[in-house]
Each structure stands twice: as structure tokens, then as C-alpha cells.
Amino acid sequence: MNTQEMYERMKARLEKVVPDVELRIKAELAAQIVDLKKEKNAVILGHNYMEPALFYSIPDFTGDSLDLSRKAAQTDRDVIIFCGVRFMAETAKILNPSKTVLLPSEKAGCSLAASITAADVRALKARFPGVPVVSYVNTYADVKAESDICCTSSNAAAVVESLHADTVIFLPDEYLARNVARETGKHIVFPSLTPHPSPTGGGAQLDYQLIGWHGRCEVHEKFTLADIEAVRAQFPDVVILSHPECSPEVVAASDFSGSTNAMIRYVQQTKAPHFLVLTECAMGDNIAAANPEKDMLRLCMVRCPHMNTITLEDTLNALKLNRYVIEIPEDIRRRARSAVERMIAIG
Ligand code: SF4
């Protein structure tokens, strides 16, 4: 594809979102990536949190982590370039191990995934023997390998209920766990891992049904009830959407809470004078670009520092230099695959 064609395509979508001078520079990079992608028989997967110029130029498929996992599992291309963060690229490798999976930046981690280790999960299982473990898909492969099933923000409650268990360990996002507890009517506790006879350390019998962990998404934890009140005071007819990784107070004060895809659908299908999406900044921009007729208020407080490391420049280098290759030990990959496939079966 030549640069001018790419520029015209990007301009049609991004004219009001990205300055023209930036569009021209990025169109040149994007055109080179599209050519090299064909030459290397690669597929590019772009997460909803990618910056608009990348999101609307090079990916073959865009979506949330569950959508992209499915695309990764189905592809017959030789190389999968994952424009997202490490745990997502790992999930692609878990599901399609014969392919070369590349993550354009070594620094694309995640505060949630980093909040828990496989040793932590083993310690929890030792402390609560026989209790099934649900891990959010935002975890690394070795944590998934210790889990019975994974979940996404869109199917977390359905996954918990599918286990038909009195008690479930739900890791690692504290706020998602609290929101799931509220939705499913379960009482939640957050035990420490120091050896105590009960989650409170006092030996008392507790009526707990969900056992959580204190992981947080460093982006979604920033939104507060005061932010919502300030916006509603100024725009009383605003419709506010929040991600379930936000605090339960923020979710309760919102008009709708759902996964990134669910929020995109909600904006597309709903009429309102104004919308405010409490999520990662780039996704707010991507929704605004796709819905130019809707009035999207911006409360862009923080760009995910991990997603932000994925650029067009790094994606081009990933293709040129075949980097950074995702590898997972086979024993871990097989056990993680079982937890991921059980999640995908629930949908
Ligand atoms: S937005 Fe939050 S959950 Fe997603 S990658 Fe960034 S830190 Fe992790």
C-alpha cells in the first residue's frame, strides 16, 4: 500500500482526533508495516487500547483480549504480532504454539498481571484446599497454569457461577472481584498469606464465598466518585460508562458497566446527549473516532503506561528484526491452555 492511500484511509477516520502532521508521519510508517506484514505472512492483532493512529491503520483484527485470543487461535499465518501487552501475547502463544508470536515492546507489562505470582497461587491453594481458582485473563502464563479456569471482564460472573462451588478463589483484581461478588451476591474476603487458621487469623468460622487478591489496574483505580459527581454537576444528562476494573463505588454510580467491547456496543446502540467513558484514554479516542456523531466527553486521566509502549515504530522493528519472541515452557503452556479453553467455552 502506498503512503498516500494509507494517509487518506487514516484521515477519513481520524481527522478530528489526530493532528494532520502526525497523521502524515504515521501513515508512512503504517504503509511500510502493511507491506512487510504481507512479505512475512504475519497477522497483526490490535487491542482496543492502542493509540488511534495504530488502531485504525495496521491491525487485521481489533478487539478486547478475548476476541483477539480467538483470532490468534484461528490464524493460519506464520507470525502473530500482538499490539497489546505481554499477557495477551502469551495467551496467543498458549492457544497457537506452532506460530511465532511477537510483542513489539519488551516493556509492555501490566500492573494486574504483575500483582500475583504462581507461588502466590500455590500458597492460596494450600491454604484453601479443593477450592477452585478463577484467574482473570490479565495474568501471566504460569499463574494461568495454576488455575482451573480463566475469565474476562465480560464473563467473570458467569465463570464463577459455572463452577457451582460454595467457595471460589478469584484472582488477582480486587475491584473486579468486589464487583463480581456484588453481582453474584457472594461475600468476599481478602486473606493474607501468613499462616493463620482462618482468613481473619482468629480461627472464627467466616461466611465467605469469594476469596480475592489485592491486585489493581493502575489505570482504572484512578477514577473516583468525585470525578463522576463533578461531571454530572456540569452535564446532568450525561450517560457514564465504566469498566469493571474501576472501584465498586464508581461502578455503582455509573449508568453502565462492562468490558471494553460491551462499552463500545453500548455507545453505538444508545442515544444520549453526552457520553463519558471511564477507561483508558486511547480507547476513549478510538470510540470517539468511530462515532463522530456522538458527543463524547473526555476525562482522560491516565494512559496505560504499558499499552503506551506499543508504537508503530516498534511494530515495524518487530517485523524487521523478528522481536520480541514470546516463549512459554511446554508444561506451563499445556496447563494454562486448559484454563483458557474452559474460559473460551463459556464465551
Ligand atoms: S489498562 Fe490496566 S489492566 Fe490493562 S494493561 Fe494497563 S495496567 Fe493492565
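## Elements and model

Helices (H or I, at least four residues) and strands (E, at least two) are DSSP runs, numbered from the N terminus. The model described here is predicted.

Two pairings of strand 3 can be described. Strand 1 (residues 42-47) runs parallel to strand 3, with 5 bridges between them; within this pairing, Leu45 has Phe82 of strand 3 as its bridge partner.

## Cysteines

The structure holds 0 disulfides. Cys83 is in no disulfide, and the nearest cysteine sulfur, that of Cys304, is 14 Å away. The cut-off for a disulfide is a pair of cysteine sulfur atoms within 2.5 Å. Cys83 has a relative accessible area of 0% and is therefore buried. Cys304 is buried too, at a relative accessible area of 10%.

An open sheet is formed by 5 strands in the order 6-5-7-9-8, with parallel pairing. Strand 6 (149-151) and strand 8 (188-189) stand at its edges; each has a single partner strand, so one side of each is left without a neighbour in the sheet.

Within this sheet, strand 5 (residues 133-136) is joined to strand 7 by 3 bridges in the parallel sense. Val134 has Phe170 of strand 7 as its bridge partner.

Thr167 is placed in the loop between helix 8 and strand 7 (168-171). Its relative accessible area is 18%; the limit for a buried residue is under 20%, so Thr167 counts as buried. Apart from neighbours within four places in sequence, Thr167 is in contact with Val131, Pro132, Tyr208, Gln209 and Ile211.

Strand 12 (residues 274-278) is mostly covered, with 5 of its 5 residues buried. His274, Leu276 and Leu278 point one way from the strand, while Phe275 and Val277 point the other way.

Strand 10 (residues 238-242) runs parallel to strand 12 and is joined to it by 5 bridges. In this pairing, Val239 stands opposite Phe275. Strand 12 also pairs with strand 13 (residues 296-297) in the parallel sense, over 2 bridges. There, Leu276 has Leu297 of strand 13 as its bridge partner.

## Cavities

A search of the whole structure finds 2 cavities of 30 Å³ or more. The largest cavity holds about 330 Å³ of space. Its lining consists of 30 residues, and Tyr49, Phe87, Met88, Asn138 and Glu245 lie nearest its centre. Helix 4 (65-74) and helix 5 (86-95) each contribute at least two residues to the lining of the largest cavity. By class, this lining has 13 nonpolar, 13 polar and 4 charged residues.

The second largest cavity has a volume of about 80 Å³. Among its lining residues are Val277, Asp285, Met296, Leu297 and Arg298. Val277 is also one of the buried residues of strand 12, and Leu297 is the bridge partner of Leu276. Helix 13 (281-290) and strand 13 each give at least two residues to the lining of the second largest cavity. The largest share, 3 residues, comes from helix 13. The lining divides into 6 nonpolar, 2 polar and 3 charged residues.

## The largest pocket

The volume of the largest pocket is about 250 Å³. Its lining has 17 residues, of which Ser153, Glu183, Pro244, Ser257 and Gly258 lie nearest the centre. Helix 8 (156-162), helix 9 (174-184) and strand 11 (256-257) are the elements that give two or more residues to this lining. Helix 9 gives the most, with 5 residues. In terms of class, the lining of the largest pocket is made up of 8 nonpolar, 7 polar and 2 charged residues.

Technical notes
Residues are numbered from 1 along each chain as its sequence is written. This is a predicted model: local features need pLDDT of at least 70, side-chain atom pairs count only at pLDDT 80 or more; totals for chains, interfaces and linings use all residues. Side-chain values use heavy atoms; hydrogens and water are left out. On a 1 Å grid over the protein atoms alone, a cavity is a set of points where a 1.4 Å probe fits but cannot get out, and a pocket is an open set with protein on both sides within 12 Å along at least five of seven lines; lining residues have an atom within 4 Å of a point. Grid points are joined across faces, edges and corners, and a volume is the space filled by probe spheres set on the points. Ala, Val, Leu, Ile, Met, Phe, Trp, Tyr, Cys and Pro count as nonpolar, Asp, Glu, Lys and Arg as charged, and the others, Gly among them, as polar. Buried means under 20% relative accessible area, exposed over 50%, partly exposed in between (1.4 Å probe, protein chains only). Contact means heavy atoms within 4.5 Å. Two strands pair if DSSP finds at least two bridges between them.
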